[in-house]
Amino acid sequence: MLFNSLIFLYAFLPIAYLVFWKLQGKLPRYVWLAVTGYVFYSFWNYKFCALMLASTLVSYLAGLGLLRWQDPFRRRLCLVVPVTLDLALLGFFKYANFALTSLNELSSRWAAGSWTFTTFDIVLPVGISFYTFHTVTYVVDAYRGLITPTRSFFEFASYVSLFPQLVAGPIVRFRQIESDLGQIDRAEERADLNRGWSFFALGFIKKVLLADTIGGIISPALADPAQLSTAGAWLCVLGFAYQVYYDFSGYSDMAVGLGHMFGLQLPQNFDSPYRATNMADFWRRWHISMSSFFRDYVYIPLGGNRVSRPKHYRNLMLTMLVAGLWHGAAWTYVLWGGLIGLLLILHDLTSGAWQRLPLWSQRLGTFFLWVTSMALFRSDSLSMAALLLGRMFSSQAGSIPVGTPVLVPFIVVAGLFAHLGPNTFEMKHRWALASVAGLAFLFSLCVLVLYGSSSTPFLYFQF
Amino acid sequence: MVARMSIFRKANPGWEMGFVIPRLLLAIALADAGLRALPVDPLTFRAWEALKRFRPPGAAFEPGRRYYNPQAYGDLAALGNLPELRQYRPETFTTDVLGFRNHGGPWRPPVAAIVVGDSFAVGAGLNDGEDLASGLGRSLGCRFYNAGGMDPDPDRILALARRLGMRGGLVIHEHHEDFELPAVPTDWRRRYQRVLASLDPSVSEAAGRVRGLVAVSPLKIVCERTLKDLEDDRALPNRHAGNVVKGTLPTGDSMLFLPSGIEKFNGRRPPLITYWEWMQRELRRGGLELFVVLVPSKYTVYRRFLADARPAPEGAGDYLDRVEARLRRAGIPVVNLTRPLSDGAGETLESREYLYWLDDLHWTPKGARVATLAVGDALRLDPSFYLSSPSAGGAETARRSASRWRASSASQAPESTPDSMAETSRVSSSAAVRRTASNP
């Protein structure tokens, strides 16, 4: 089920909301949140609910173990077993076939196909990357003593399967909503309702009107990048940079808004990343819950920047390679992660000179580097990436996307809001009547668009 | 003014997003519900969608309706959102009180045969009187009831036959190459069908009306159409274009095909006849004899003429021939329209009189006439099929007819091979096209 679907708006959300606020007490509300999460997930594929339940159960038991045992061996066992199991599941479903096909390619190239592996017939469970990280952060934080594991299974299950953040994040850590969950019986229905709907409506408009319209124009053109002219290639990649931003930040806003409706404060996931002045700044603003996850659970354990400079750069590069691989099981993502790592290292080496540049050129330069990296991110294969980058950086005759007269104003509007406008966390969400009317008009337009077309999945579902 | 605005805002604390957005959603839902009370005919491009809406369970269409559209066009042009390839034509489509496409009360006994099957049996894309059942009735001088579009369930067919006063006779089961054969239903499914067949007409009509109100949203249709108008490959890319495949004929005309039909043409499907054997057995219990009409897809018929046809693997397109051969071996009367229609297509190509609509999956009136003549010729091999009197012992007559048909069929095609059968069909098809041309 998608937030931008009629069944969600007209059936799931009203039922989930009304029953939640009818229920009194912690346990019924935990149970209801967990149930709605599983129902939400089962709309995609009910069979994989068992996988999520197993992951939840193992991490919950590990939390109980960490609560009970103090001796290092048992505590370590409570850390290693669930984390290994979670990562093994993620590895199998997401990366097994990638590894096997890569080995087969190596074999055909260097060993004349002397060994080949049969790939598995695997369906990647939607959101596995996200809920695995929820359970991993819970166990690791409990081991580190950053949180007190909960004794309530349903509290933990409601955290893991919380539908606003279940399939595409933000990667909420238990400590970030621990207090809200602890006081869920005292939450007030109307306290954040306006703010919640405001977040939700803005996210909905960003996704349906901006991201989907831009995506609808550039996707057919990117299906055959060899036909694109230089201008066409730049338009597509620039359009994709805005599409991915409005798609995912729109989803995150909807998730935050839904959290508010249920008395939960979900963290900010995008802090105007297109206003970043350098790549390090960019990564503090883009998909904050993911970048902070890799910072806290990969980069810092590797030694972070409190090591020699070569080791610091190694840590940066390794972290970004893993982050790239997390986005998808393909070499384009690995290469994209490597490119971002390289840009972060280059920034560290040249930060003094970079900071002397005017602010607008720092922002423009950062955005230019990001857009260029998006060519790699969007490509289905390395050959497509090479083709697209080749057309972007050489003078090529060819076509521009069908619908360019619509694409250009949409890119301009998207750019104005992304580069100059406030982000949703900077807004007060107390609107004047005219603004409410304008937002209501755009929101109803989005609903009518949903009536007229099938819902478009969020880009980050695939990750 | 500012003070007045602030007073206004204080006086209306409800004008917040938490107040407005849920009510807006409710208003759209109410508008949607309200619009469902309106007819959808003005929003439809052909009869099929308009008359399917309030279809009672078990019936094909809404009973007792007449649909007229002076500007109907083809399903493939609609599916691919290609307005420039639409072939506009007037369409009249009338349904009887039982919810099937018959006009002028053709269900009055005696009815010689019931025609069942998919949209080709219904006569999608054709006007009243141009469908297979009407054509056969005129050609053979007896009544053929068009029950196309109903679930091809033997219990329902037998119930319909009883209602039509048939005691024996023929069931012509049309089957199109692109569509999958239904599975032999489970006992539960059959019980469900029996319950449906026994429903009081007023109850099933009410059930159909409720289902139509729930399933069909005029607001959705309007929104879809508006978006499709914008997705014209100028303002926005046409994301529906991939739903169809465009081919070019030697005449320069573009013909649309279903991608799944092309896949099926190139694929190798096993010629399963379990369903037909079961259907024959079940119908015979009620004294009816089964006669199968195999209809080739537009791609099978026109592929060889396409300037830009993709190469096909060996044996591609012989699915219906193989089904036909197996049906003959099993003693099930069958006519395969592949050869008559292919030959007819070749003979009428230069004059740009196509047997299938350029923008539609279905055949044109000319194509339907070719099919009618080929089926009529096959039926003439044994007129007792459709001339079995209601007073005669139905089951026995049907059995005798089938055995006579088998004997005559075998004498014409001693090896029962697809080639030899196709040769028989070819002879009759040329005659059919000539007769069609002289009698438009």
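**Sheet in chain B.** I began with the open sheet of 5 strands in chain B of this predicted model. Its order is β4-β3-β5-β8-β9, with parallel pairing. Strands here are DSSP runs of E, at least two residues, and helices are runs of H or I, at least four residues, numbered from the N terminus. Two strands pair if DSSP finds at least two bridges between them. I found β4 (144-146) and β9 (334-336) of chain B at the edges, each with a single partner strand, so one side of each has no neighbour in the sheet. On average, neighbouring strands of this sheet are turned by 20 degrees against each other, direction ignored.

**Ground rules I kept in mind.** Residues are numbered from 1 along each chain as its sequence is written, and chains are lettered from A and ligands numbered from 1 in the order in which they are written. In this predicted model local features need pLDDT of at least 70, side-chain atom pairs count only at pLDDT 80 or more, and totals for chains, interfaces and linings use all residues, while side-chain values use heavy atoms, leaving out hydrogens and water.

**Around β8.** I looked at β5 (residues 169-176) and β8 (residues 288-295) of chain B, which pair in the parallel sense over 8 bridges. B:His175 has B:Leu294 in β8(B) as its bridge partner. Helix α12 (residues 274-285) of chain B lies across β5 and β8 of chain B, at about 150 degrees to β8(B). Helix α16 (residues 365-380) of chain B lies across β4, β5, β8 and β9 of chain B, at about 145 degrees to β8(B). Contact means heavy atoms within 4.5 Å; axes are lines fitted to C-alpha atoms, for helices over the stretch in contact, with angles from 0 to 180 degrees between N-to-C directions.

**Burial.** I then checked helix α15 (residues 338-348) of chain B: 8 of its 11 residues are buried, so the helix is largely enclosed by the rest of the structure. Among them are B:Pro340, B:Leu341 and B:Asp343. Buried means under 20% relative accessible area, exposed over 50%, partly exposed in between (1.4 Å probe, protein chains only).

**Aromatic pairs.** I got 78 aromatic pairs over all chains. One of them, A:Tyr138 with A:Phe156, is tilted, at 4.1 Å centre to centre and 40 degrees between the planes. Rings of Phe, Tyr and Trp (its six-membered ring) pair if their centres lie within 6.5 Å; planes under 30 degrees apart count as stacked, over 60 as edge-to-face and the rest as tilted. Both A:Tyr138 and A:Phe156 are buried.
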